[in-house]
Amino acid sequence: MSGISSLADLQNQISANGYEDIAVGYKALITSASFFQSTWPSTGSPAAGGVPATTPGTAYTSPVVGAIANPTNAGGFPNVSTKKRYLSSLSIEYNIGVVGGTIILVDRLVAVSGIALTSAATVTVNTAALPRYTSGTGIQAWLEITTALSVAAPAVNLQSYTDDVGNSGISGSAMVAATATLAAGSLIGPLPLHGGGNSGGIVSVQTIAISNPATTGIANLVLLKPIANISLPAEGWVERDQVDQSTNLPQIFDGACLHFLVLGPSGATPIQYQLRTVYK
Amino acid sequence: MAIASYDQIIAARAAGQIGDWDFFKVSTAPLAAGIWHSDWTDVGMPGSGNAPGAAGSGTSYDGSGTDNNGGMTFASVAGSGFNRYGISFEATSTQTINLRIYDRLVATSGLVTSGTGSKTMTTVTLPRFTSGVGVQAWIECTTAPTGTTPVIHLLSYTGSVNGAGQVGGSLNLGGLPKVGDMLQLPLASGDTGVVAVSTINVDTAGTGGAYNLVLMKQILTIPLTANVLNQRDLVQQIAGFPQIFDTACLALMWQATGTTAPNIWGTFRTVYG
(Lines give C-alpha, C1' and ligand atoms only; values in the text may rest on other atoms or scores of the structure.)
Protein backbone atom coordinates (compact mmCIF):
# COMPACT_ATOMS: atom_id res chain seq x y z
CA MET A 1 0.00 0.00 0.00
CA SER A 2 1.28 3.45 -0.81
CA GLY A 3 -0.60 5.02 2.06
CA ILE A 4 -2.86 8.04 2.28
CA SER A 5 -3.12 9.80 -1.07
CA SER A 6 -5.03 12.99 -0.28
CA LEU A 7 -6.90 14.82 2.44
CA ALA A 8 -10.16 13.40 1.08
CA ASP A 9 -8.66 9.93 1.16
CA LEU A 10 -7.69 10.40 4.81
CA GLN A 11 -11.17 11.58 5.70
CA ASN A 12 -12.66 8.69 3.81
CA GLN A 13 -10.62 6.12 5.74
CA ILE A 14 -12.18 7.46 8.93
CA SER A 15 -15.73 8.14 7.82
CA ALA A 16 -16.30 5.25 5.43
CA ASN A 17 -13.98 2.55 6.76
CA GLY A 18 -13.61 3.44 10.41
CA TYR A 19 -9.84 3.13 10.09
CA GLU A 20 -9.10 5.36 13.05
CA ASP A 21 -7.72 4.63 16.53
CA ILE A 22 -7.70 7.21 19.30
CA ALA A 23 -5.61 7.13 22.47
CA VAL A 24 -6.45 9.23 25.49
CA GLY A 25 -4.74 9.31 28.84
CA TYR A 26 -2.88 11.32 31.40
CA LYS A 27 0.58 11.37 32.91
CA ALA A 28 2.00 12.81 36.10
CA LEU A 29 4.88 15.25 35.72
CA ILE A 30 7.72 16.45 37.87
CA THR A 31 8.85 20.08 37.93
CA SER A 32 11.48 20.52 35.19
CA ALA A 33 12.16 24.16 34.50
CA SER A 34 14.90 23.95 31.88
CA PHE A 35 15.43 20.29 31.15
CA PHE A 36 13.45 17.44 29.68
CA GLN A 37 11.72 14.71 31.63
CA SER A 38 10.38 11.37 30.43
CA THR A 39 6.81 10.25 31.00
CA TRP A 40 7.88 6.60 30.67
CA PRO A 41 8.23 6.09 34.45
CA SER A 42 5.32 8.42 35.30
CA THR A 43 2.14 7.22 36.88
CA GLY A 44 -1.12 7.73 35.03
CA SER A 45 -2.82 6.14 32.09
CA PRO A 46 -1.14 4.12 30.76
CA ALA A 47 0.62 2.92 33.89
CA ALA A 48 4.30 3.54 34.40
CA GLY A 49 6.61 1.66 32.10
CA GLY A 50 8.99 -0.85 33.57
CA VAL A 51 12.72 -0.65 34.08
CA PRO A 52 14.54 -2.02 31.03
CA ALA A 53 17.04 -4.85 31.15
CA THR A 54 20.74 -4.30 31.68
CA THR A 55 23.05 -4.59 28.69
CA PRO A 56 22.13 -5.22 25.91
CA GLY A 57 18.87 -3.83 27.21
CA THR A 58 15.27 -4.06 26.12
CA ALA A 59 14.12 -3.62 22.52
CA TYR A 60 10.58 -2.29 22.71
CA THR A 61 7.83 -3.82 20.64
CA SER A 62 4.29 -3.26 21.85
CA PRO A 63 2.19 -4.42 23.55
CA VAL A 64 4.17 -3.29 26.54
CA VAL A 65 3.03 -1.64 29.75
CA GLY A 66 3.78 2.06 29.57
CA ALA A 67 3.20 2.56 25.86
CA ILE A 68 0.44 4.94 24.75
CA ALA A 69 -2.49 2.84 23.62
CA ASN A 70 -6.08 3.07 22.56
CA PRO A 71 -8.66 1.80 25.04
CA THR A 72 -9.30 -1.49 23.32
CA ASN A 73 -5.70 -2.54 22.88
CA ALA A 74 -3.63 -2.20 26.04
CA GLY A 75 0.09 -1.68 25.58
CA GLY A 76 0.07 0.05 22.21
CA PHE A 77 -1.94 0.57 19.05
CA PRO A 78 -3.11 -2.59 17.32
CA ASN A 79 -1.00 -3.75 14.40
CA VAL A 80 -2.32 -2.89 10.96
CA SER A 81 -0.10 -5.36 9.10
CA THR A 82 -0.07 -4.48 5.40
CA LYS A 83 -1.74 -1.15 6.01
CA LYS A 84 0.05 1.94 7.27
CA ARG A 85 -0.87 3.92 10.37
CA TYR A 86 -0.30 7.68 10.62
CA LEU A 87 -0.57 10.21 13.43
CA SER A 88 -3.29 12.64 12.39
CA SER A 89 -3.50 14.88 15.45
CA LEU A 90 -1.98 15.41 18.87
CA SER A 91 -3.67 17.33 21.69
CA ILE A 92 -2.50 18.22 25.20
CA GLU A 93 -4.17 19.74 28.25
CA TYR A 94 -2.30 21.28 31.16
CA ASN A 95 -3.45 23.58 33.92
CA ILE A 96 -0.55 24.65 36.08
CA GLY A 97 -1.32 28.18 34.98
CA VAL A 98 2.21 29.53 35.31
CA VAL A 99 4.64 28.60 32.59
CA GLY A 100 4.20 26.55 29.45
CA GLY A 101 6.64 24.22 27.79
CA THR A 102 7.29 21.68 25.08
CA ILE A 103 6.20 18.11 24.48
CA ILE A 104 7.82 15.67 22.09
CA LEU A 105 6.05 12.43 21.19
CA VAL A 106 8.67 9.72 20.76
CA ASP A 107 8.90 6.09 19.77
CA ARG A 108 10.97 4.31 22.43
CA LEU A 109 13.16 1.77 20.68
CA VAL A 110 15.87 0.37 22.93
CA ALA A 111 16.88 1.05 26.53
CA VAL A 112 19.63 -0.22 28.81
CA SER A 113 19.29 0.13 32.58
CA GLY A 114 21.71 0.35 35.47
CA ILE A 115 24.16 2.98 34.25
CA ALA A 116 25.86 4.40 37.33
CA LEU A 117 26.72 8.08 37.07
CA THR A 118 28.75 7.94 40.27
CA SER A 119 32.24 7.27 38.99
CA ALA A 120 34.38 8.58 36.16
CA ALA A 121 34.39 5.57 33.93
CA THR A 122 33.63 4.08 30.55
CA VAL A 123 30.43 2.04 30.73
CA THR A 124 29.67 -0.79 28.31
CA VAL A 125 26.08 -0.76 27.08
CA ASN A 126 26.17 -2.63 23.72
CA THR A 127 22.57 -1.75 22.87
CA ALA A 128 20.32 -4.32 21.31
CA ALA A 129 19.35 -4.04 17.64
CA LEU A 130 16.80 -1.35 16.79
CA PRO A 131 13.34 -2.88 16.29
CA ARG A 132 12.21 0.01 14.02
CA TYR A 133 14.02 2.76 12.11
CA THR A 134 16.79 0.24 11.69
CA SER A 135 18.89 2.56 9.52
CA GLY A 136 19.41 4.70 12.62
CA THR A 137 18.59 7.95 10.84
CA GLY A 138 17.03 10.40 13.26
CA ILE A 139 17.64 8.17 16.29
CA GLN A 140 18.74 9.99 19.43
CA ALA A 141 20.38 8.74 22.65
CA TRP A 142 19.14 10.11 26.00
CA LEU A 143 19.89 9.27 29.61
CA GLU A 144 16.76 8.74 31.71
CA ILE A 145 17.47 9.18 35.42
CA THR A 146 16.15 6.36 37.64
CA THR A 147 17.97 7.31 40.86
CA ALA A 148 18.27 11.04 41.56
CA LEU A 149 21.57 12.84 41.17
CA SER A 150 23.26 14.53 44.07
CA VAL A 151 26.26 16.77 44.67
CA ALA A 152 27.62 17.02 41.10
CA ALA A 153 26.22 17.34 37.57
CA PRO A 154 27.91 14.58 35.57
CA ALA A 155 29.00 14.96 31.96
CA VAL A 156 28.25 12.07 29.62
CA ASN A 157 29.38 11.41 26.08
CA LEU A 158 29.02 8.68 23.50
CA GLN A 159 32.41 7.03 23.75
CA SER A 160 31.85 4.48 20.99
CA TYR A 161 28.80 4.22 18.76
CA THR A 162 27.72 3.25 15.27
CA ASP A 163 26.03 5.93 13.18
CA ASP A 164 23.49 5.84 10.38
CA VAL A 165 26.05 6.19 7.58
CA GLY A 166 28.19 3.21 8.50
CA ASN A 167 30.79 4.71 10.82
CA SER A 168 31.54 2.61 13.90
CA GLY A 169 33.67 3.20 16.95
CA ILE A 170 33.14 6.96 16.79
CA SER A 171 32.64 9.26 19.76
CA GLY A 172 30.66 12.40 20.52
CA SER A 173 31.13 15.42 22.74
CA ALA A 174 29.83 15.53 26.29
CA MET A 175 26.44 16.68 27.52
CA VAL A 176 26.31 17.97 31.08
CA ALA A 177 23.32 17.33 33.31
CA ALA A 178 21.21 20.48 33.69
CA THR A 179 21.56 20.41 37.49
CA ALA A 180 23.34 18.37 40.16
CA THR A 181 20.02 17.33 41.65
CA LEU A 182 18.06 15.90 38.72
CA ALA A 183 15.19 13.82 40.03
CA ALA A 184 14.16 10.39 38.82
CA GLY A 185 12.39 10.76 35.48
CA SER A 186 14.60 13.63 34.35
CA LEU A 187 16.59 13.39 31.14
CA ILE A 188 20.10 14.26 30.03
CA GLY A 189 20.38 14.69 26.29
CA PRO A 190 20.28 13.98 23.56
CA LEU A 191 23.93 13.00 23.64
CA PRO A 192 25.85 14.91 20.95
CA LEU A 193 27.02 13.11 17.83
CA HIS A 194 30.51 12.97 16.39
CA GLY A 195 31.84 16.38 15.41
CA GLY A 196 32.69 16.97 11.76
CA GLY A 197 30.75 13.93 10.70
CA ASN A 198 27.97 13.58 8.19
CA SER A 199 25.63 11.41 10.19
CA GLY A 200 22.16 12.13 11.42
CA GLY A 201 21.50 9.31 13.82
CA ILE A 202 22.54 6.26 15.80
CA VAL A 203 22.27 2.55 15.07
CA SER A 204 23.80 1.30 18.30
CA VAL A 205 25.88 2.44 21.26
CA GLN A 206 28.75 0.35 22.54
CA THR A 207 30.13 2.49 25.37
CA ILE A 208 29.51 5.83 27.06
CA ALA A 209 31.94 7.80 29.20
CA ILE A 210 31.14 9.60 32.43
CA SER A 211 33.12 12.44 33.96
CA ASN A 212 32.52 14.75 36.92
CA PRO A 213 30.53 11.99 38.60
CA ALA A 214 27.68 12.55 41.00
CA THR A 215 27.55 11.09 44.50
CA THR A 216 24.29 9.31 43.69
CA GLY A 217 22.68 8.71 40.32
CA ILE A 218 21.65 5.83 38.07
CA ALA A 219 20.21 6.10 34.57
CA ASN A 220 18.83 4.21 31.59
CA LEU A 221 20.35 4.86 28.17
CA VAL A 222 17.41 5.20 25.78
CA LEU A 223 17.47 5.19 21.97
CA LEU A 224 14.35 6.84 20.59
CA LYS A 225 12.86 8.51 17.54
CA PRO A 226 11.02 11.85 17.83
CA ILE A 227 7.65 11.68 16.10
CA ALA A 228 5.87 15.00 16.67
CA ASN A 229 6.19 18.18 18.72
CA ILE A 230 3.60 20.33 20.43
CA SER A 231 3.71 23.32 22.74
CA LEU A 232 2.52 22.83 26.31
CA PRO A 233 0.06 25.53 27.27
CA ALA A 234 0.41 27.38 30.54
CA GLU A 235 -3.23 26.59 31.02
CA GLY A 236 -5.75 25.05 28.72
CA TRP A 237 -5.97 22.71 25.77
CA VAL A 238 -3.78 22.84 22.69
CA GLU A 239 -4.02 20.69 19.59
CA ARG A 240 -1.80 20.21 16.57
CA ASP A 241 -3.28 18.73 13.46
CA GLN A 242 -0.56 16.62 11.86
CA VAL A 243 -1.94 17.09 8.38
CA ASP A 244 -2.85 20.67 7.66
CA GLN A 245 -1.35 22.39 10.70
CA SER A 246 2.18 21.05 10.80
CA THR A 247 2.32 19.05 7.54
CA ASN A 248 3.88 16.11 9.23
CA LEU A 249 1.67 12.99 8.97
CA PRO A 250 4.28 10.73 10.57
CA GLN A 251 3.93 7.00 10.17
CA ILE A 252 3.39 5.03 13.38
CA PHE A 253 4.86 1.60 12.82
CA ASP A 254 3.42 -1.62 14.14
CA GLY A 255 4.96 -2.27 17.54
CA ALA A 256 5.56 1.43 18.25
CA CYS A 257 6.19 2.20 21.91
CA LEU A 258 5.04 5.80 22.27
CA HIS A 259 5.49 8.15 25.19
CA PHE A 260 6.39 11.80 25.79
CA LEU A 261 9.38 13.93 26.60
CA VAL A 262 8.38 17.12 28.40
CA LEU A 263 10.34 20.36 28.80
CA GLY A 264 9.54 23.28 30.99
CA PRO A 265 6.55 22.91 33.31
CA SER A 266 7.04 24.77 36.54
CA GLY A 267 4.76 22.46 38.50
CA ALA A 268 3.85 18.83 38.80
CA THR A 269 0.28 18.96 37.51
CA PRO A 270 -0.47 16.01 35.20
CA ILE A 271 -0.97 16.44 31.47
CA GLN A 272 -3.88 14.95 29.63
CA TYR A 273 -3.45 13.94 26.02
CA GLN A 274 -5.29 12.69 22.98
CA LEU A 275 -3.68 11.06 19.94
CA ARG A 276 -5.64 10.39 16.81
CA THR A 277 -4.31 7.96 14.24
CA VAL A 278 -5.65 6.92 10.86
CA TYR A 279 -4.64 3.96 8.78
CA LYS A 280 -5.09 2.69 5.28
CA MET B 1 8.56 17.74 -11.61
CA ALA B 2 7.29 19.80 -8.71
CA ILE B 3 4.67 19.53 -6.01
CA ALA B 4 1.46 20.86 -7.55
CA SER B 5 -1.15 20.54 -4.82
CA TYR B 6 -1.63 20.01 -1.13
CA ASP B 7 -2.96 16.54 -1.77
CA GLN B 8 0.29 15.76 -3.54
CA ILE B 9 2.17 16.79 -0.40
CA ILE B 10 0.00 14.47 1.71
CA ALA B 11 0.51 11.59 -0.70
CA ALA B 12 4.26 12.16 -0.84
CA ARG B 13 4.61 12.34 2.95
CA ALA B 14 2.50 9.21 3.39
CA ALA B 15 4.59 7.39 0.81
CA GLY B 16 7.78 8.22 2.66
CA GLN B 17 9.08 10.87 0.25
CA ILE B 18 10.44 12.82 3.17
CA GLY B 19 13.66 14.09 4.71
CA ASP B 20 13.30 15.25 8.30
CA TRP B 21 15.87 16.44 10.82
CA ASP B 22 15.28 16.26 14.56
CA PHE B 23 18.14 18.57 15.48
CA PHE B 24 19.61 19.76 18.76
CA LYS B 25 22.50 22.04 19.63
CA VAL B 26 24.35 22.82 22.83
CA SER B 27 25.12 26.48 22.16
CA THR B 28 27.76 28.78 23.57
CA ALA B 29 27.16 32.14 25.24
CA PRO B 30 26.71 35.34 23.20
CA LEU B 31 28.08 38.78 23.90
CA ALA B 32 24.79 40.49 24.61
CA ALA B 33 21.09 40.66 23.86
CA GLY B 34 20.39 41.45 20.23
CA ILE B 35 23.46 39.83 18.77
CA TRP B 36 23.23 36.85 16.41
CA HIS B 37 25.14 33.67 17.23
CA SER B 38 26.19 30.68 15.14
CA ASP B 39 25.66 27.03 16.04
CA TRP B 40 27.97 25.84 13.25
CA THR B 41 30.75 24.63 15.57
CA ASP B 42 28.50 23.69 18.48
CA VAL B 43 28.04 20.06 19.46
CA GLY B 44 24.76 18.25 18.99
CA MET B 45 22.92 16.66 16.10
CA PRO B 46 24.21 17.21 13.50
CA GLY B 47 27.66 17.25 15.04
CA SER B 48 29.89 20.29 14.98
CA GLY B 49 31.00 21.64 11.61
CA ASN B 50 34.58 22.05 10.44
CA ALA B 51 36.44 25.33 10.03
CA PRO B 52 36.26 26.62 6.45
CA GLY B 53 39.31 27.02 4.21
CA ALA B 54 41.37 30.18 4.11
CA ALA B 55 41.18 32.93 1.53
CA GLY B 56 42.05 31.65 -1.92
CA SER B 57 40.64 28.23 -1.28
CA GLY B 58 37.70 28.80 1.01
CA THR B 59 34.95 26.25 1.36
CA SER B 60 31.99 25.64 -0.90
CA TYR B 61 29.22 23.79 0.91
CA ASP B 62 28.40 21.95 -2.28
CA GLY B 63 28.03 18.42 -0.96
CA SER B 64 31.45 17.28 -2.12
CA GLY B 65 33.95 15.75 0.24
CA THR B 66 33.31 16.45 3.89
CA ASP B 67 32.57 20.16 3.61
CA ASN B 68 28.85 19.81 4.37
CA ASN B 69 29.52 17.75 7.50
CA GLY B 70 27.99 19.64 10.39
CA GLY B 71 25.04 20.83 8.33
CA MET B 72 21.61 19.31 7.92
CA THR B 73 21.88 17.57 4.57
CA PHE B 74 19.44 15.58 2.47
CA ALA B 75 19.47 12.72 0.01
CA SER B 76 19.69 13.75 -3.63
CA VAL B 77 16.34 13.75 -5.41
CA ALA B 78 16.97 15.88 -8.50
CA GLY B 79 18.37 12.91 -10.37
CA SER B 80 14.99 11.24 -10.02
CA GLY B 81 13.25 14.28 -11.41
CA PHE B 82 12.00 15.49 -8.02
CA ASN B 83 12.25 18.75 -6.09
CA ARG B 84 12.51 18.94 -2.30
CA TYR B 85 10.69 21.55 -0.22
CA GLY B 86 10.66 22.62 3.41
CA ILE B 87 7.22 22.10 4.92
CA SER B 88 7.46 22.70 8.66
CA PHE B 89 9.88 24.02 11.27
CA GLU B 90 9.39 23.49 15.00
CA ALA B 91 11.78 24.28 17.84
CA THR B 92 12.22 24.93 21.54
CA SER B 93 15.05 26.53 23.50
CA THR B 94 16.03 26.94 27.13
CA GLN B 95 16.41 30.69 26.50
CA THR B 96 14.18 33.16 24.69
CA ILE B 97 15.73 33.61 21.23
CA ASN B 98 14.91 34.12 17.56
CA LEU B 99 16.03 30.94 15.79
CA ARG B 100 16.96 31.01 12.10
CA ILE B 101 17.65 28.18 9.70
CA TYR B 102 19.80 29.09 6.71
CA ASP B 103 21.57 27.51 3.77
CA ARG B 104 25.32 27.86 4.31
CA LEU B 105 26.76 28.45 0.84
CA VAL B 106 30.43 29.39 1.05
CA ALA B 107 32.82 30.50 3.77
CA THR B 108 36.35 31.77 4.09
CA SER B 109 38.32 31.75 7.32
CA GLY B 110 41.06 34.01 8.59
CA LEU B 111 39.70 37.54 8.75
CA VAL B 112 41.81 39.13 11.51
CA THR B 113 41.05 42.52 13.00
CA SER B 114 44.31 43.08 14.84
CA GLY B 115 45.54 45.49 12.18
CA THR B 116 43.90 47.97 9.84
CA GLY B 117 43.80 47.79 6.06
CA SER B 118 42.60 45.52 3.28
CA LYS B 119 42.26 41.82 4.04
CA THR B 120 41.98 39.30 1.23
CA MET B 121 38.91 37.14 1.87
CA THR B 122 38.29 35.74 -1.61
CA THR B 123 35.22 33.52 -1.68
CA VAL B 124 34.69 30.59 -4.01
CA THR B 125 31.78 30.37 -6.46
CA LEU B 126 28.31 30.06 -4.94
CA PRO B 127 27.07 26.46 -5.26
CA ARG B 128 23.39 27.49 -5.05
CA PHE B 129 21.50 30.76 -5.46
CA THR B 130 24.22 31.62 -7.94
CA SER B 131 22.65 34.95 -8.97
CA GLY B 132 23.46 36.18 -5.48
CA VAL B 133 19.97 37.62 -5.00
CA GLY B 134 19.16 37.41 -1.30
CA VAL B 135 22.58 36.03 -0.43
CA GLN B 136 23.91 37.72 2.70
CA ALA B 137 27.46 38.22 3.94
CA TRP B 138 28.11 37.64 7.66
CA ILE B 139 31.19 37.38 9.82
CA GLU B 140 31.37 34.54 12.36
CA CYS B 141 33.75 35.10 15.27
CA THR B 142 36.31 32.32 15.83
CA THR B 143 38.67 34.17 18.19
CA ALA B 144 37.28 36.90 20.41
CA PRO B 145 38.94 40.32 20.09
CA THR B 146 40.02 42.44 23.02
CA GLY B 147 40.77 46.12 23.42
CA THR B 148 39.12 48.46 20.91
CA THR B 149 35.88 47.53 19.16
CA PRO B 150 36.73 46.76 15.52
CA VAL B 151 35.08 48.51 12.58
CA ILE B 152 35.10 46.85 9.14
CA HIS B 153 33.45 47.06 5.71
CA LEU B 154 33.22 45.12 2.47
CA LEU B 155 36.01 46.73 0.44
CA SER B 156 35.44 44.86 -2.80
CA TYR B 157 32.59 42.50 -3.59
CA THR B 158 30.39 41.50 -6.51
CA GLY B 159 26.77 42.41 -5.98
CA SER B 160 23.72 40.76 -7.45
CA VAL B 161 22.59 44.10 -8.89
CA ASN B 162 25.59 46.42 -8.98
CA GLY B 163 28.16 43.93 -10.24
CA ALA B 164 31.86 43.79 -9.43
CA GLY B 165 33.95 46.22 -7.40
CA GLN B 166 31.31 47.28 -4.91
CA VAL B 167 32.07 48.86 -1.53
CA GLY B 168 29.77 48.15 1.40
CA GLY B 169 28.79 50.31 4.34
CA SER B 170 30.69 50.44 7.59
CA LEU B 171 30.05 47.85 10.33
CA ASN B 172 30.97 48.66 13.93
CA LEU B 173 31.01 45.34 15.73
CA GLY B 174 29.19 46.98 18.59
CA GLY B 175 31.43 45.54 21.28
CA LEU B 176 33.85 42.66 21.55
CA PRO B 177 32.15 39.62 20.04
CA LYS B 178 32.41 36.23 21.67
CA VAL B 179 33.30 33.11 19.73
CA GLY B 180 30.29 32.19 17.61
CA ASP B 181 28.80 35.68 17.47
CA MET B 182 27.74 36.79 13.99
CA LEU B 183 27.24 40.18 12.36
CA GLN B 184 25.89 40.99 8.91
CA LEU B 185 27.95 43.14 6.55
CA PRO B 186 26.13 46.07 4.89
CA LEU B 187 25.96 46.22 1.09
CA ALA B 188 26.32 49.14 -1.31
CA SER B 189 23.21 51.14 -2.08
CA GLY B 190 20.98 49.37 -4.57
CA ASP B 191 22.37 45.87 -4.11
CA THR B 192 20.12 42.99 -3.06
CA GLY B 193 22.71 40.29 -2.48
CA VAL B 194 26.25 39.05 -2.81
CA VAL B 195 27.77 36.91 -5.55
CA ALA B 196 31.34 36.98 -4.26
CA VAL B 197 33.66 38.86 -1.91
CA SER B 198 37.27 39.80 -2.64
CA THR B 199 38.43 41.98 0.24
CA ILE B 200 37.27 43.31 3.59
CA ASN B 201 38.81 46.42 5.09
CA VAL B 202 39.54 46.76 8.79
CA ASP B 203 38.93 50.44 9.49
CA THR B 204 39.50 50.27 13.25
CA ALA B 205 41.60 47.46 14.65
CA GLY B 206 41.11 45.56 17.88
CA THR B 207 43.55 43.33 19.69
CA GLY B 208 43.40 39.83 18.37
CA GLY B 209 40.09 38.77 16.89
CA ALA B 210 39.50 36.34 14.01
CA TYR B 211 36.41 35.60 11.94
CA ASN B 212 35.00 33.49 9.14
CA LEU B 213 33.23 35.24 6.29
CA VAL B 214 30.03 33.31 5.51
CA LEU B 215 27.74 33.77 2.50
CA MET B 216 24.30 32.39 3.25
CA LYS B 217 20.65 32.31 2.21
CA GLN B 218 18.02 32.61 4.91
CA ILE B 219 15.32 29.96 4.97
CA LEU B 220 13.16 30.83 7.98
CA THR B 221 13.23 32.62 11.34
CA ILE B 222 11.01 31.68 14.27
CA PRO B 223 10.65 33.37 17.69
CA LEU B 224 11.05 31.12 20.72
CA THR B 225 9.99 31.87 24.29
CA ALA B 226 12.14 29.96 26.78
CA ASN B 227 11.14 26.29 27.02
CA VAL B 228 7.96 26.75 24.95
CA LEU B 229 7.78 25.11 21.54
CA ASN B 230 6.91 27.28 18.56
CA GLN B 231 6.23 26.10 15.05
CA ARG B 232 5.64 27.31 11.54
CA ASP B 233 3.92 25.34 8.82
CA LEU B 234 5.61 26.39 5.59
CA VAL B 235 2.63 25.42 3.47
CA GLN B 236 -0.57 26.31 5.26
CA GLN B 237 0.65 28.96 7.71
CA ILE B 238 3.18 31.19 5.97
CA ALA B 239 3.22 29.50 2.57
CA GLY B 240 6.94 29.87 2.20
CA PHE B 241 7.38 26.36 0.79
CA PRO B 242 11.11 26.95 0.27
CA GLN B 243 12.92 24.70 -2.16
CA ILE B 244 15.79 22.83 -0.52
CA PHE B 245 18.35 22.07 -3.17
CA ASP B 246 20.13 18.72 -3.36
CA THR B 247 23.45 19.87 -1.96
CA ALA B 248 21.94 22.20 0.66
CA CYS B 249 23.85 22.62 3.91
CA LEU B 250 21.29 23.89 6.40
CA ALA B 251 22.60 25.38 9.63
CA LEU B 252 21.25 27.23 12.65
CA MET B 253 21.88 30.71 14.04
CA TRP B 254 19.97 32.61 16.69
CA GLN B 255 19.49 36.11 18.03
CA ALA B 256 20.05 36.43 21.76
CA THR B 257 17.86 38.19 24.28
CA GLY B 258 20.42 37.73 27.07
CA THR B 259 23.88 36.39 27.71
CA THR B 260 23.08 32.81 28.72
CA ALA B 261 23.85 29.98 26.29
CA PRO B 262 20.72 28.12 25.19
CA ASN B 263 20.20 24.47 24.40
CA ILE B 264 18.03 24.15 21.29
CA TRP B 265 15.92 21.24 20.04
CA GLY B 266 13.66 21.09 17.02
CA THR B 267 12.49 19.54 13.79
CA PHE B 268 12.78 20.61 10.16
CA ARG B 269 10.66 18.58 7.77
CA THR B 270 10.81 18.30 4.02
CA VAL B 271 8.90 16.54 1.28
CA TYR B 272 9.88 15.78 -2.26
CA GLY B 273 7.91 15.07 -5.36
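Reply: Asp21(A) is buried, with a relative accessible area of 12%. The term buried stands for under 20% relative accessible area, exposed for over 50%, and partly exposed for what lies in between, using a 1.4 Å probe and protein chains only. The model is predicted, so local features need pLDDT of at least 70 and side-chain atom pairs pLDDT 80 or more, whereas totals for chains, interfaces and linings use all residues. Residues are numbered from 1 along each chain as its sequence is written, chains are lettered from A and ligands numbered from 1 in the order in which they are written, and side-chain values use heavy atoms, with hydrogens and water left out.

The partner of Asp21(A) is Arg85(A), and their salt bridge has an N to O distance of 2.8 Å. This pair links distant parts of the chain, for Arg85(A) belongs to strand β5 (residues 85–94) and Asp21(A) to strand β1 (residues 20–27) of chain A, 64 residues apart. Strands are DSSP runs of E with at least two residues, helices are runs of H or I with at least four, and both are numbered from the N terminus. Arg85(A) is also buried, at a relative accessible area of 2%. In a salt bridge, a side-chain nitrogen of Lys or Arg lies within 4 Å of a carboxyl oxygen of Asp or Glu. Side chains of opposite charge can pair when their charged atoms come close. Over all chains, the rule gives 10 salt bridges.

Within chain B, Arg13(B) pairs with Asp20(B), their closest N and O atoms being 2.9 Å apart. Here Arg13(B) counts as buried because its relative accessibility is 5%, while Asp20(B) is partly exposed because its relative accessible area is 24%.

What joins Asp22(B) and Lys225(A)? A salt bridge does, with the closest N and O atoms 3.4 Å apart. Asp22(B) lies in strand β1 (residues 21–26) of chain B and Lys225(A) in strand β13 (residues 216–232) of chain A, so this pair joins two chains. Both Asp22(B) and Lys225(A) are buried. The count between chain A and chain B is 1 salt bridge.

The wider setting of that pair is the interface. There, 50 residues of chain A are in contact with 37 residues of chain B, contact being heavy atoms within 4.5 Å. The two chains bury about 3200 Å² between them, 54% of it on carbon and sulfur atoms; buried area is the accessible area (1.4 Å probe) lost when two parts are put together, summed over both. Gly196(A), Asn229(A) and Thr247(A) supply 18% of the area that chain A buries against chain B, more than any other three residues.

Across the interface of chain A and chain B, 20 residue pairs, with both residues at pLDDT 80 or more, are in polar contact. In a polar contact, two N or O atoms lie within 3.5 Å; within protein, one must be able to donate a hydrogen and the other to accept it, and residues adjacent in sequence count only if both atoms are side-chain atoms. On the side of chain A that touches chain B, β6 (101–116), β8 and β13 each supply at least two residues. With 7 residues, β13(A) gives the most to that side.
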